[in-house]
Amino acid sequence: MTISDLDHLDVTYQGTTYTLKRVVTEEKVEKDESKDTDADADADSEDADEEETKTVTTYYVNDQEADSDAFTAFYRAAAGMTCQSRLEENTNKGDAELTLSYYGTDGSEITISYTPRDSSFYVMEDGNYGLVNKMNVKDLIDAFLTLTEDEK
């Protein structure tokens, strides 16, 4: 799911769930009146009803504002996860160490879980099954811990 289509993302790590959210707003731009000249004054009076706005994106973890770079780094890491091989079935019956539940602005829902399998791989499940390199999952968890370090 692209970040622009995301309503929110619930991340469950070691039994604790965090809600990540991206909020986009339009804010008025403050005009610097000191730069106006007499020539600009006539043009400005025509545009007075049109206020400039800028798009502001704010990221949250559990309703607390989060660092945008850490948020996007985690989201990119999650989106970049790839399976090294596909499994026909999940023979691993352990508990997921990490679960990502994406909720789209269109009401769609995608849940992906990562369960340790052995010293090299995690089993990824999203309705299908695959093996993911353990180091890739570690990098994803590290990015998540960086994002949530202020929550603890």
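Reply: Gln14 counts as exposed because its relative accessibility is 58%, where exposed means over 50% relative accessible area, buried under 20% and partly exposed in between (1.4 Å probe, protein chains only). This is a predicted model, in which local features need pLDDT of at least 70 and side-chain atom pairs pLDDT 80 or more, while totals for chains, interfaces and linings use all residues. Residues are numbered from 1 along each chain as its sequence is written, and side-chain values use heavy atoms, with hydrogens and water left out.

Gln14 sits in the loop between β1 and β2 (16-28); strands are DSSP runs of E with at least two residues, helices are runs of H or I with at least four, and both are numbered from the N terminus. The phi of Gln14 is positive, near 50°. Most residues other than glycine have a negative phi.

Strand β1 (residues 6-13) contains Asp10. Asp10 is buried and has no salt bridge, meaning a side-chain nitrogen of Lys or Arg within 4 Å of a carboxyl oxygen of Asp or Glu. The nearest side chain of opposite charge is that of Lys21, 9.0 Å away; Lys and Arg count as positive, Asp and Glu as negative, and His and the chain ends are not counted. What the side chain of Asp10 does make is a polar contact with the side chain of Thr19, at 2.9 Å. A polar contact is a pair of N or O atoms within 3.5 Å; within protein, one must be able to donate a hydrogen and the other to accept it, and residues adjacent in sequence count only if both atoms are side-chain atoms. Beyond four places in sequence, the residues in contact with Asp10 (heavy atoms within 4.5 Å) include Thr17, Tyr18 and Thr19, as well as Thr99, Leu100, Ser101 and Tyr103.

Thr57 belongs to strand β3 (residues 53-61). Apart from residues up to four places away in sequence, Thr57 touches Arg22, Val23 and Val24. Between Thr57 and Val24 the C-alpha to C-alpha distance is 4.4 Å, with 33 residues of separation in sequence. Thr57 is classed as partly exposed because its relative accessible area is 32%.

Asp63 lies in the loop between β3 and β4 (64-66). Its phi is also positive, near 65°, in a residue other than glycine. Asp63 counts as exposed because its relative accessibility is 70%.
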